[in-house]
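Subject: Structure handover

Hello,

Please find the structure below.

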Amino acid sequence: MSSYEILPVKTRILTHNDDIVKAIKEYCQAHVEAGDVIAVAESVVAITQKRAFDIQEITPGLLAKILCRFFPVHGSLANRYAMQALMNEEGELRVLGAFLAGSLAKVLGKSGVFYQLAGEQARLIDDFSGTMPPYDKYIVFGPKNPTAVAESIRAELGCYGAVVADVNDLKRAAILGVSKGVDAQLMSKILIDNPFGNGSEKTPIVIVKNYHKS
């Protein structure tokens, strides 16, 4: 995907007091052109939607402490606080049922069943090691209505399009929300090397230059 120029945009730390569309306009307006696509990290969108929770507000129960031990250490659900937050959001019975069904399915050679049954947040939740300070001590859910957010960004900035993306350093790039006319699969490939910087870099927004050439 080297034919596309990717421009990371440095911002201040965006918080629950920010409006994501206004913040993107503030930092991107001087750089964006009609053929560009703006991509924003899903965790930042969620934070501005007040979907981040201090771990001091979460008390992991016995079930969360047990279940988290069965998940890969590099995943968010290996964190007891994230597991408890998921159960708070989706319900303990649903998460437990998904875990039991997923465990049985694994024995039968089928993976991914837990994430299919435990609710959308099971695959979107971020533990506190994956986001920017001060939110490195928060559990962050996935954003609400990411496609609507992408459409709002496109309309406000006058660019070709926008996406809300969940990207990590493990070569995983999922497009959660995409405005009309933008190819989500292509954007996933463009962003696969994770150009975002959600830590000290403070570049949670990138502009894909000349995505659409008239």
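The notes cover a helix, a strand and some aromatic rings.

This is a predicted model, in which local features need pLDDT of at least 70 and side-chain atom pairs count only at pLDDT 80 or more, while totals for chains, interfaces and linings use all residues. Residues are numbered from 1 along each chain as its sequence is written, and side-chain values use heavy atoms, with hydrogens and water left out.

Helices (H or I, at least four residues) and strands (E, at least two) are DSSP runs, numbered from the N terminus. A residue is called buried under 20% relative accessible area, exposed over 50% and partly exposed in between (1.4 Å probe, protein chains only).

Helix 1

Helix 1 covers residues 20-28, and its buried residues are I20, V21, A23, I24, Y27 and C28. Viewed down the helix axis, these buried residues fall within an arc of 160°, so they line one face of helix 1. The arc is taken from the directions from the helix axis to the C-beta atoms. K22 and E26, on the other side, are exposed. The buried residues pack against several elements, among them strand 1 (5-9), strand 2 (37-41) and strand 7 (205-209); contact here means heavy atoms within 4.5 Å.

Strand 7

Two strands pair if DSSP finds at least two bridges between them. Strand 1 and strand 7 run antiparallel and are joined by 5 bridges; here V9 has I205 as its bridge partner. Strand 2 also pairs with strand 7 in the antiparallel sense, over 4 bridges, and I38 stands opposite I207.

Aromatic rings

There are 9 aromatic pairs in the structure. Rings of Phe, Tyr and Trp (its six-membered ring) pair if their centres lie within 6.5 Å; planes under 30 degrees apart count as stacked, over 60 as edge-to-face and the rest as tilted. For F53 and F141, the ring centres are 5.5 Å apart and the planes stand at 70°, so this pair is edge-to-face. F53 lies in strand 3 (residues 52-54) and F141 in the loop between strand 4 (138-140) and helix 8, so the pair ties together parts that are 88 residues apart in sequence. F53 is partly exposed, at 31% relative accessible area, whereas F141 is buried at 4%.

Regards
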